[in-house]
Amino acid sequence: MSKLHLEGRRLAFFCPGCECFHVVEGNWTLRGEAEKPTIKPSIMVIGEHNCHSYISKGTIRFLGDSSHKLSKQIVDLPEIEEGKWLDLF
Ligand SMILES: [Zn+2]
């Protein structure tokens, strides 16, 4: 089990604030093992919700400009079930 799925320069994770997957492309960096990843810089997603987060040591911290229920909270990044991300790529 892992908290991220990586394919080339694309990274997918399940966002507990938006309750959907986000796919990030571009100049992110990843540190730490798959169970406790740290991603830099912050991740900004504009969609049904605005979602601005930092992934750090396996947790996800939502900044105050997020428009969903987990704004300003820190929660564990969910594990991704094997195969669940497949239709994202
Ligand atoms: Zn989100």
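These legends walk through several close-up views of a predicted model.

**View 1. The three-stranded sheet, β1-β2-β3.** Welcome to the open sheet of three strands, ordered β1-β2-β3 and paired antiparallel. Its edge strands are β1 (5–7) and β3 (20–25), each of which pairs on one side only. Direction ignored, neighbouring strands here are turned by 20° against each other on average. Look between β1 and β2 for three bridges in the antiparallel sense; L6 stands opposite L11 of β2 there.

**View 2. The largest nonpolar core.** Twelve residues make up this core: L4, L11, F13, F14, C15, C18, I39, C51, I55, I60, F62 and L77. Which strands supply at least two residues each? They are β2 (10–15), β7 (50–56) and β8 (59–62). The biggest giver is β2, with four residues. As general background, nonpolar side chains tend to be buried together in soluble globular proteins.

**View 3. A closer look at F13.** This view settles on F13, a residue of strand β2. Is F13 buried or exposed? F13 is buried, because 23 other C-beta atoms lie within 10 Å, and 20 or more is the cut-off for that label. Leaving out residues up to four places away in sequence, F13 touches K3, L4, F21, H22, I55 and L77.

**View 4. The four-stranded sheet, β6-β7-β8-β9.** Here four strands form an open sheet in the order β6-β7-β8-β9, with antiparallel pairing. At the edges sit β6 (43–46) and β9, each pairing on one side only. From one strand to the next, the twist averages 30°. For orientation, strands of a sheet pair through backbone hydrogen bonds, either parallel or antiparallel.

**View 5. The β7–β8 hairpin.** Zooming in, β7 and β8 form a hairpin with two residues between them. In the turn, K57 has a positive phi of about 50°. The two strands run antiparallel and are joined by four bridges. Two opposing pairs make handy landmarks: S56 stands opposite T59 of β8, and I55 stands opposite I60 of β8.

View 6. Which residues of β8 lie on its covered face, and which on the uncovered one? I60 and F62 are on the covered face, while T59 and R61 are on the uncovered face. The bridge partner of I60 in β9 is V75. Setting aside residues up to four places away in sequence, I60 touches S53, I55, V75 and L77.

Key:
Residues numbered from 1 in each chain as written. Predicted model: local features only at pLDDT ≥ 70, side-chain atom pairs only at ≥ 80, totals over all residues. Core = buried A, V, L, I, M, F, W, Y, C linked by C-beta atoms within 7 Å. Contact = placed C-beta atoms within 7 Å. Pairing = 2+ DSSP bridges. Axes fitted to C-alpha atoms, helices over the stretch in contact; angles between N-to-C directions.
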